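Let's take a friendly walk through a protein model, one region at a time. Keep the 3D view open as you read.

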Amino acid sequence: MEIKVLYGTETGNSESLAKEAKVKLTASGFDTEVLDMKDVSAKKLSGFKNVLIITSTWGDGEPPDNAENLYNELKDASGLDFSNLNYAVLALGQSFYEHFCKTGKDFDEWLEKYGAKRILPIQLSDDDFNDIFPEWIQKVQKTFN
Ligand SMILES: Cc1cc2nc3c(=O)[nH]c(=O)nc-3n(C[C@H](O)[C@H](O)[C@H](O)COP(=O)(O)O)c2cc1C
């Protein structure tokens, strides 16, 4: 089974987790590809079957630079059909910011709104993302199995 792992990152945390996800999922027999969000349009995303979104939030509740285009496209993606897409979001942030994990929350909400199927509830993380990750990726594996 094919799984695309998309990351939105400013300082590399989400990218590292995406790469770790690939290692774990590949070891479990999934055909996994890591993609930088800057290389994925909303149209391209709508053609994928299984997707993990790992993204931080930056600035004052804004997407990281490499996620900006996809984020803005997904805000109004009403012309696209996401009904074949299964997804789960891991959101990185810090809870002392007013807009805690906003980018991940927006992706999670918008994908559902445009017809994609959420396979797991959104996983929020604070500075504990390295502790949360192993359990999250295990849940992902079980759900896809
Ligand atoms: C300048 C700056 C602004 C940030 N703004 C937010 C924010 O608005 N909301 C939030 O939840 N986290 C915010 N964060 C926290 C980051 O999302 C967090 O450090 C995350 O682990 C970064 O992951 P990345 O390396 O993948 O970008 C901010 C961090 C910095 C340094």
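## A residue in a loop

Where is the place of Cys-101? Cys-101 sits in the loop between E4 and H4. In these labels, H stands for a helix (a DSSP run of H or I, at least four residues) and E for a strand (a DSSP run of E, at least two), numbered from the N terminus. Although Cys-101 is not a glycine, its phi is positive, about 55°.

Cys-101 counts as buried because it has 25 C-beta neighbours inside 10 Å. The rule is that a residue is buried if 20 or more other C-beta atoms lie within 10 Å of its own, exposed if 12 or fewer, and partly exposed in between, with C-beta atoms placed from the backbone.

## Before going on

This is a predicted model: local features need pLDDT of at least 70, side-chain atom pairs count only at pLDDT 80 or more, and totals for chains, interfaces and linings use all residues. Residues are numbered from 1 along each chain as its sequence is written.

## The nonpolar core

A nonpolar core is a set of buried Ala, Val, Leu, Ile, Met, Phe, Trp, Tyr and Cys residues joined through C-beta atoms within 7 Å. The largest one here has 40 residues, and those touching the most other members are Val-5, Val-51, Leu-52, Ile-53, Ile-54, Leu-70 and Tyr-87. Among the elements that give two or more residues to this core are strands E1 (2–8), E3 (50–56) and E4 (86–92), along with helices H1 (13–27) and H5 (129–144). The largest share, 6 residues, comes from E4. In soluble globular proteins, nonpolar side chains tend to be buried together.

Which residues is Ile-53 in contact with, leaving aside its neighbours within four places in sequence? They are Leu-6, Tyr-87, Val-89 and Phe-107. Here, contact means that the C-beta atoms of two residues, placed from the backbone, lie within 7 Å.

## Helix H1

H1 has 15 residues and reaches 21 Å from its first C-alpha to its last, close to the 21 Å expected at 1.5 Å a residue. The expected span is 1.5 Å times one less than the number of residues. The buried residues of H1 are Ser-14, Glu-15, Leu-17, Ala-18, Ala-21 and Leu-25. They cover an arc of only 160° around the axis, which puts them on the same side of H1; the arc is that of the directions from the helix axis to the C-beta atoms. The face turned away from this buried side carries the exposed residues Val-23 and Ala-27.

What covers the buried residues of H1? The cover includes E1, strand E2 (31–36), E3, E4 and H5. Look next at Glu-15, which is in H1 and is buried, with 20 other C-beta atoms within 10 Å. Not counting residues up to four places away in sequence, Glu-15 touches Tyr-7 and Thr-9. After H1 comes Gly-29, whose phi is positive, near 95°.

In H3, the buried residues are Leu-70, Tyr-71 and Leu-74. Seen down the helix axis, they fall within an arc of 100°, so they line one face of H3. Asn-72 and Lys-75 are exposed on the other side. The buried residues of H3 pack against H2 and H4.

The 12 residues of H4 should span 16 Å at 1.5 Å a residue, and its end C-alpha atoms are 16 Å apart, which agrees. Buried in H4 are Thr-103, Gly-104, Asp-106, Phe-107, Asp-108 and Leu-111. These residues pack against E1, E3, H3, E4 and strand E5 (117–118). H4 is followed by Gly-115, whose phi is positive, near 105°.

## Around the ligand

How many residues surround the ligand? There are 21, and the closest are Thr-11, Asn-13, Ser-14, Ser-56 and Gly-93. A residue is near the molecule if its C-beta atom, placed from the backbone, lies within 6 Å of it.

This shell divides into 6 nonpolar, 12 polar and 3 charged residues. Ala, Val, Leu, Ile, Met, Phe, Trp, Tyr, Cys and Pro count as nonpolar, Asp, Glu, Lys and Arg as charged, and the others, Gly among them, as polar.

## Two more stops

Ile-122 lies in the loop between E5 and strand E6 (123–125). Ile-122 is partly exposed, with 18 other C-beta atoms within 10 Å.

Finally, is Gln-138 buried or exposed? Gln-138, found in helix H5, counts as exposed because it has 12 C-beta neighbours inside 10 Å.
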